[in-house]
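Q: I have a model open and would like to learn how to read its features one by one. Could you take me through them?

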Amino acid sequence: MKRFLDYFLPSVFAAAILGYVAVSDPRVLEVSAGMGSATAAKWLGDHYNRYENKKVYDPEEALHWFKRAADLGNVEALYEIGDLHFRATIEGHSYKTAYAYYRRAAEDDHIGAMHQLAMLLEFGHGTDKDLPAAEHWFKKAIELGSELTELNLTLLYFDHPEDFSADKVSNSIEDIKRLAKEGDIYAMYALASAYIAGEPVSKDVDKGLSIYLDLAEKDPYYAHVTLGEIYLAGESVEADYEKALDHFGKAIHAGILSAHYHLAEMHEFGLGVEQDYSKAAQYYRKSIDAKSFGGLTNLGILYRDGKGVERDYEEAIRLFKRAEELEIRGGSANLGWMQLQGLGMPKDASKGLALIEAAAEEEDAYGAYYIAQFLEEGVIVAQDLDRARELYRIAGDRGNYPAKQALKRLEKAQKTCASPTKEKAGRRCPAFPNH
């Protein structure tokens with residue numbers, strides 16, 4: 001989310017006067033808005049959308065007036081509605097709705113909406129991922145004068161080297177290195193991540209970690225979260241749960257409460273701490289409150305299984321449905337699991353399996369994990385241990401810890417059964433293919 005920019009365009013003199021009126025007595029503007037003034041309705045939306053003023057801040061009321069202004073033809077209001085949905089400040093928020101409003105505003109030449117629309121298209125939030133379309137909107141915003149968007153276009157080429165021409169990628173590498181050297185935070189993040197991943201620059205994990213540590217001094221919020229994730233995953237470096245806990249703790253201290261999500265994971269699976277489902281549930285709730293919505297799925301599973309909380313299928317389904325609405329991984333797959341098993345809803349194995357299979361095809365961590373289980377056990381679908389290992393690996397790469405453990409177990413069983421020993425005599429081994 002760091003690359004999504006805030007756009008607050010300067011107001012004209014007349015709008016400033018209306019803003020003053022709104023602060024002193026918004027009822028005056030309500031009369032004007034009721035008489036068809038789009039500007040008055042927009043300013044009422046701004047009045048109730050002032051987060052810094054707790055006495056008047058009311059995003060739902062702001063949404064009401066922004067919609068009124070949008071209906072009266074105010075393009076800025078379209079952008080603001082998209083922003084309320086994107087920033088998850090209203091009930092029923094969704095990326096799909098944010099995308100729809102950003103697009104309407106962008107098509108009416110709103111520069112900020114063009115930028116946000118391009119970002120949603122780049123990451124596939126609220127719409128299908130479409131990198132050429134993202135490039136188009138970034139370029140259009142730049143053409144209309146948005147210098148801030150130039151870095152995002154560079155990052156588009158840098159982060160997706162396989163999708164753009166060699167010259168665009170090469171130029172982006174030079175630009176990112178230059179900007180990172182100059183201390184640009186976003187360029188430093190991109191370069192650090194690239195060194196650790198080994199694309200589009202040569203892999204150098206130590207250099208990447210060094211940049212992240214420098215960033216932790218400049219931008220402690222996200223740098224500590226990222227470092228914690230690196231040490232927790234144990235892929236680029238050896239897993240170090242003590243360091244992970246330290247970085248997540250520093251992130252929370254700096255105000256990034258979404259880091260509670262990772263503390264929840266560590267307590268749920270006993271990673272570097274004593275396994276404690278009750279604490280995991282508490283931390284997942286805190287992460288959801290901080291708008292880290294991945295916790296919806298994880299908390300739903302705890303309610304489904306009655307771990308750390310009282311078993312509650314209705315609450316589990318509510319959380320899974322909300323995750324599905326927000327396009328959070330696991331929402332659809334877990335609804336499929338509930339339907340497949342008939343937990344809290346009428347049993348329908350066919351529909352449930354279809355939901356899980358569709359999620360697995362999208363390489364959703366939970367969809368892949370559940371199908372891998374079926375393939376390993378030979379239930380519901382024919383046994384296929386090769387495919388099971390492949391899906392466990394996909395799920396594990398996307399942070400599903402049970403999948404990582406299942407993959408280790410399968411690979412260990414394959415090695416044991418591939419080498420005849422006296423200890424193996426009489427042991428029932430799975431029929432692994434000889435390749």
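Q: How much of the protein chain is made up of buried residues?
A: Buried means under 20% relative accessible area, exposed means over 50%, and partly exposed lies in between, with a 1.4 Å probe and protein chains only. Here, buried residues account for 48% of the 435 residues in the protein chain. This is a predicted model, where local features need pLDDT of at least 70, side-chain atom pairs count only at pLDDT 80 or more, and totals for chains, interfaces and linings use all residues. Residues are numbered from 1 along each chain as its sequence is written, and side-chain values use heavy atoms, leaving out hydrogens and water.

Q: What does the secondary structure of the protein chain come to?
A: Helices (H or I, at least four residues) and strands (E, at least two) are DSSP runs, numbered from the N terminus. In this protein chain there are 23 helices and zero strands.

Q: Which residues does Trp65 touch?
A: Contact means heavy atoms within 4.5 Å. Trp65 lies in helix 4 (residues 59–71), and leaving aside residues up to four places away in sequence, Trp65 touches Glu30, Ala33, Ala41, Leu44, Gly45 and Tyr48. The C-alpha atoms of Trp65 and Ala38 are separated by 9.3 Å, with the two residues 27 apart along the chain.

Q: Is Trp65 buried or exposed?
A: Trp65 counts as buried because its relative accessibility is 10%.

Q: At what angle do helix 17 and helix 19 cross?
A: Axes are lines fitted to C-alpha atoms, for helices over the stretch in contact, and angles run from 0 to 180 degrees between N-to-C directions. Angles under 35 degrees count as roughly parallel, over 145 as roughly antiparallel, 65 to 115 as roughly perpendicular and the rest as oblique. The axes of helix 17 (residues 295–305) and helix 19 (residues 331–341) cross at roughly 15 degrees and come within 10 Å, so these two helices are roughly parallel to each other.

Q: Which residues meet where helix 17 packs on helix 19?
A: From helix 17, Thr297, Ile301 and Arg304 meet Gly331, Asn334, Trp337 and Met338 of helix 19. By class, these residues are three nonpolar, three polar and one charged; Ala, Val, Leu, Ile, Met, Phe, Trp, Tyr, Cys and Pro count as nonpolar, Asp, Glu, Lys and Arg as charged, and the others, Gly among them, as polar.

Q: And which residues meet between helix 5 and helix 7?
A: Tyr79, Asp83 and Phe86 in helix 5 meet Gly112, Ala113, Gln116 and Leu120 in helix 7. That contact has four nonpolar, two polar and one charged residues.
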